[in-house]
Amino acid sequence: MHKTISLVLERIFRVIDIGRQDRFKFIRSTFYKGAKGAILVFDLSKPSTWENMKDWMNEIKTYGGNIPFLVIGNKLELLSKIVQVIDREACRSVVEDCGNLYIETESNESLKVFDAVAKLTQRILEKET
Ligand SMILES: Nc1nc2c(ncn2[C@@H]2O[C@H](COP(=O)(O)OP(=O)(O)OP(=O)(O)O)[C@@H](O)[C@H]2O)c(=O)[nH]1
Ligand SMILES: [Mg+2]
C-alpha cells in the first residue's frame with residue numbers, strides 16, 4: 001500500500017498484517033480477537049488465491065466474530081496480459097451478497113484503497129452505534 005496512505009491508516013487504526021503461513025495459524029487467532037474489521041487481498045491472476053479466500057473468511061469469523069470485510073482483488077493490470085481465469089463478477093457477488101465490500105485494484109491505486117477503507121470504517125462505526 002502507498003506509504004502515505006498506510007501512515008494515515010495507522011494513525012487511525014492499529015493495522016495488523018498477519019502471516020499467511022500455517023505456522024502462524026495459532027498466533028493469528030489471538031489477533032482476530034477484538035478486531036473491528038478485516039482487509040483481505042487476493043491475486044486476480046491466480047484462482048487459488050480466490051479459492052483460499054473462503055477459508056480466510058471462515059478463519060476470521062471463527063476467531064473474530066461477524067466483523068465487516070473489505071475484499072480486494074489485486075493485480076488488475078495483469079488481466080490485459082493474460083486470459084482472465086477468475087469469474088470476477090462471481091467474486092463480487094459472493095462478497096457483496098454477504099454484505100461486505102469488494103474492490104479491484106493494482107498497486108499504484110492507493111486512493112481507491114483509501115476510499116474503500118473509509119467505507120469499511122463507516123460500517124465498523126455503524127455497527128458500534
Ligand atoms: N503485477 C502486480 N504485482 C503486484 C501488485 N501488488 C503487489 N504486487 C507484487 O506481488 C508480490 C507480492 O506482494 P506482497 O506485498 O509481498 O504480498 P503479500 O500478500 O503481502 O504476501 P505475503 O506477505 O507473503 O503474504 C510482490 O512482488 C509485489 O511487488 C500489483 O498490483 N500488480
Ligand atoms: Mg505481506
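How many strands form the open sheet, and in what order do they lie?

## The sheet

In this predicted model, where local features need pLDDT of at least 70, side-chain atom pairs count only at pLDDT 80 or more, and totals for chains, interfaces and linings use all residues, three strands form an open sheet in the order E1-E2-E3, with parallel pairing. Residues are numbered from 1 along each chain as its sequence is written, while chains are lettered from A and ligands numbered from 1 in the order in which they are written. Strands are DSSP runs of E with at least two residues, helices are runs of H or I with at least four, both numbered from the N terminus, and two strands pair if DSSP finds at least two bridges between them.

The edge strands, E1 (38-43) and E3 (101-104), each pair on one side only. E1 and E2 (residues 69-74) are joined in the parallel sense over six bridges, and Asp43 has Asn74 in E2 as its bridge partner.

## Helices on the sheet

Helix H4 (residues 88-97) packs on the sheet and touches E2 and E3, its direction making about 155° with that of E3; contact requires C-beta atoms, placed from the backbone, within 7 Å, and angles, from 0 to 180 degrees, are taken between N-to-C directions of lines fitted to C-alpha atoms, for helices over the stretch in contact. Helix H5 (residues 110-128) also touches E2 and E3, at about 180° to the direction of E3.

## Around ligand 1

Ligand 1 is surrounded by residues including Arg20, Asn74 and Glu106, where a residue counts as near if its C-beta atom, placed from the backbone, lies within 6 Å.

Note on methods. Two residues are in contact if their C-beta atoms, placed from the backbone, lie within 7 Å.
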